[in-house]
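Subject: Structure handover

Hello,

Please find the structure below. My notes on it follow.

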Amino acid sequence: MSGYGGWAGKVLRVDLSTGRIWAEDTIERYRDYLGGTGIGYKVMWDEVPAGTKPYDPENRIVFAVGPLAGTGVPCNGRMAVTTLWPTCWPVPLVASGHMGGQLAAKLKYAGYDAVVIQGKASRPVWLMIADQKVELHDARRIWGQGTRSATAAIAEIMGQDTVVAAIGPAGENLVPMSVLISSVSHSAGGVGAVMGAKNLKAIGVRGTGSIRIAGRKEDWEKLIKYHLSLLGANNQHVVPNTPQPWAEFYDPKSRWNAARGRRWGAAGHRVDTGTCDPRDTNRIAYRSNLAAFFLGDNAWKYTVRGNGCTSCPIRCHTLLKVPSVTAKYGIPAVGQNTCVGLYFGSAFFRKLPDGPRGMQSLEACMVGIHLADDLGIWCNYGQLQRDFRKLYYDGTIKRKLDAGEFASYSWDKYERGDPAFLFELLPRIAGKEGELGTSLGLGTGYLLARWGLDEAAWGAEKETGYWKMGHPRHHGPEEAGQCGLLVNLMYNRDAQCHSHTNFLRNGLPLPVQKQLAAELWGAPEAVDGLGDYRPMHPAKARMAKWALLRKELHDSLSLCNWMGPWAASPLRERGYRGDNSLESMLYTLATGDKKDRADLDAVGERILLLHRALTIRGMGTGEMRTRHDLVPAWVFADPGGDRPYTKGATHLERDDVRVALDMFYDELGWDRATGAPTRKTYRKFGLDDVAAALSKQNLVPR
Amino acid sequence: MNGAVWEAAGGPPVKVETSRETTAEGSDAWPAGAAAMIRARSAAGELCPEAEILNLLPEGPVAVPEMARRGGLGGEFLGRLLNENADLHRLCGAGSPCYYSDRHMTAAYSRLLLHKQEGPLRLIAETVRCYCREFRRPLALAVFAQAPFDLEQPVLREYLARMSQTEEYDDIAMVTTSEAGIYLYATSCLEHKHAEMLAEWLDVGQDRNP
């Protein structure tokens, strides 16, 4: 191991087919890719040939963290899980899921930057990593169990300070819409079945080591405090959602929902969140209550506290205690989750008797949290529920199911918004039972194909939220104009990029955002007012590129792209500026590898480029512009018939999108005609070997 | 690393001053006591009425002009208070003048509290105008049920009905979303179609794009 700090120094390799376990040096092979998705893409490029299927033993599943994981850096708890994505339609391509919790830190403390799994075990196993002791154990006794009991069983063997990541029955049954769950509620969507195909039930990690920081202790502490001083609330919203004495601005949609008198009602003692002045960094954890944000003010009463990842003060997984659900549904009164995981249950229903934020909705959420996380079902950013609602109400489900199967569901309960309906539906998805359960578990693209429904038509309806390749849009053009569109084109699942939307939703007025945008992306025209979009501008392409590079850097360093970047801050005295160099400052001090912002951005660009190369190789075509970077029809449609770029219109114009793509490809050094990176660009980022391999298949523009 | 930038980040957490020098003796001590009181009130999220400040004025050898004691628009001592304490500010609304400290309260919040003193209709109207001017977005009616507005949810619609019949509030308009959310906007800042789209996005669309 070199003298670098940050990295643990070893990548653990496990071949389930042979039982062989070995380690490689992280720095030698992966330093230029940082960690996380960077390592994931590199392994996939080097070791998984085109044409490999997600469930093939040759496929890899790469659990990787970055040099900042497990350190004192705020929001460093992200574990990237990279593999061939089973729900990517029509051809599975590389993608990654990102889970929080404590797994990333524990892996580092055990001495590893990544675990690469290959092969297929001859019978169910689980992987034990207890510092340097790494063993495969028979998992037959826990195969078939939910993630909760499997986790408990492994923790009983390894000890209470173990972190377990486990799949549920959905993953075991090779349901593509399945997750891996750790730390109760943290999930990596889409990868459960890949583990199931390898007969790998779980990974248990106990790590007792530490991480060396290369820089001086005083500098490190100062930098951490500086980072903390720039933190806002969840998603880096930097103003509160109601007027507060300290705040110049407020935004009712901000996730900074602390206020004097708002209490964690189910806490053991009285906890008032208070006004949470941004200069009081000891109260950051009180700023956001995601349950109250997503489920309504009713949730305050049932809030125990915020939970979250290693070293993250935001605590976005709200722990709820709802006693009524135990008697009614036989599930634990306590549960936790965040974002779409919180309302996994209620989102299935079009109507709930007391509205989307009433008590029955809250109970449906609790049922959803427990069932989905225990069975290990993925919602694909809510696409599962949106698909289900549409398929039911447009009569498709009735048409596609035989009469017996259709009658086996209590549709009256469903239409009444009765959470008990979820006990009928979700286990059948996890068990691939019947036509409905099986089809819903496939993911949107494969479901539509199985039922003979037109994917393009699905994408023409804005209400479906569908984007392309089996996945939904994730912070797209209706709220972020051309930048949102460009970000949503790049990946082989939903974009999972929050860089742009965290900035646009930060709660600052447009003039302030434009001032910051001019500093960050060279012109105030990078951002538009909500619903007041203007034609494409080069600064928008720069913002989109920045958003993607920040995402790749975060996913590779183990920072949370749901909380960052920290381009804005809640500090009035700084003109609400954040710091766009935080990532490079943290990286440099942690590792000792001196990189300024431009240097580190270049690494982020290399990682993004490798993802693009993997996509091109996987698809067997360089025609990315016309075959991959596809825009659903709803983006161009306006129900009112208004012209684009008028106030109140959120749709875009086709010619302008062409211009947007041209500018974006130019920014990245990709060929305008095809959207494929040029040889010059591969060379610029040290990927000559990648270019050479692609050239042999005519996949690099001439 | 750029230490200067870190130092500029804001320093230690703000300490809330709660001491009140209400028994200050003499004209020299009085401004300090008054300033402390204003700061404490600001830290508690309240404006400090001028009358309360004047009540601190010392009786005795240093005579205070009766004009100042009555409030009026200032007076020698109130002027001195503001001159010597750059963080203190005076606000004049429909009622008695009030003071706040910008160490603990922003101008925006102080204006909101001032409008609150002017009655619910004016509070709603001025808040909507200010919000629309600043953000070019409509504001959810439900916001007014929250602190610091603290208007009773059941009477909010009644206030809206009264506003619709009052010429002074002609510029305040309303849109309703597909989930029955009510949003208000100022017609001088937003066109109706834009307000409709924004309200629908804020009330429904954004929650489906979390």
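How many helices and strands does chain B have? Chain B has 9 helices and 6 strands, where helices (H or I, at least four residues) and strands (E, at least two) are DSSP runs, numbered from the N terminus.

Some conventions before the rest. This is a predicted model, in which local features need pLDDT of at least 70 and side-chain atom pairs count only at pLDDT 80 or more, while totals for chains, interfaces and linings use all residues. Residues are numbered from 1 along each chain as its sequence is written, chains are lettered from A and ligands numbered from 1 in the order in which they are written, and side-chain values use heavy atoms, with hydrogens and water left out.

Chain B

Of the 210 residues in chain B, 50% are buried; buried means under 20% relative accessible area, exposed over 50%, and partly exposed in between (1.4 Å probe, protein chains only). The accessible surface of chain B is about 9,900 Å², and carbon and sulfur atoms hold 50% of that. Areas come from the Shrake-Rupley method with a 1.4 Å probe, and for residues only the protein chains shown count as cover. Among contacts in chain B with a separation of 6 or more, 51% are between residues 24 or more positions apart; contact means heavy atoms within 4.5 Å.

Helix packing in chain A

Helix H4 (residues 147–158) of chain A and helix H12 (residues 359–375) of chain A cross at roughly 60°, and their axes come within 7 Å. Axes are lines fitted to C-alpha atoms, for helices over the stretch in contact, and angles run from 0 to 180 degrees between N-to-C directions. H4(A) is thus oblique to H12(A); under 35 degrees counts as roughly parallel, over 145 as roughly antiparallel, 65 to 115 as roughly perpendicular and the rest as oblique. On the H4(A) side the contact involves Thr147(A), Arg148(A) and Ser149(A), which meet Ile369(A), His370(A), Asp373(A) and Asp374(A) in H12(A). These residues divide into 1 nonpolar, 3 polar and 3 charged. In this scheme Ala, Val, Leu, Ile, Met, Phe, Trp, Tyr, Cys and Pro count as nonpolar, Asp, Glu, Lys and Arg as charged, and the others, Gly among them, as polar.

Helix H24 (residues 538–557) of chain A packs against helix H26 (residues 597–619) of chain A at about 85°, with the axes 8 Å apart. The two are therefore roughly perpendicular to each other. Their contact has 7 nonpolar, 2 polar and 6 charged residues. Leu548(A), Leu549(A) and Leu553(A) are among those on H24(A), and Leu600(A), Ile607(A) and Leu608(A) are among those on H26(A).

Asp555(A) is in helix H24 of chain A and is buried, at 7% relative accessibility. Apart from neighbours within four places in sequence, Asp555(A) is in contact with Gly36(A), Thr37(A), Ala80(A), His98(A) and Asn561(A).

Arg612(A) lies in helix H26 of chain A and is also buried, at 2% relative accessibility. With neighbours within four places again left aside, the contacts of Arg612(A) include Met490(A), His628(A), Asp629(A), Trp670(A) and Pro677(A). Arg612(A) and Pro677(A) are 65 residues apart in sequence, and their C-alpha atoms are 7.9 Å apart.

Cysteines

Cys365(A) is buried at 1% relative accessibility, and Cys483(A) is buried at 2%.

Backbone

Most residues other than glycine have a negative phi, and most peptide bonds are trans. The exceptions to look at are these:

- Gly564(A) and Pro565(A) are joined by a cis peptide bond, with omega about 0°; Pro565(A) is in the loop between H24 and helix H25 (582–591) of chain A.
- Ala147(B) and Pro148(B) are joined by a cis peptide bond, with omega about 5°; Pro148(B) is in the loop between strand E4 (139–140) and helix H8 (153–164) of chain B.
- Ser311(A) has a positive phi, near 60°, and is partly exposed at 30% relative accessible area.
- Asn698(A) has a positive phi, near 55°; Asn698(A) is in the segment after helix H30 (688–695) of chain A and is exposed at 54% relative accessibility.

Regards
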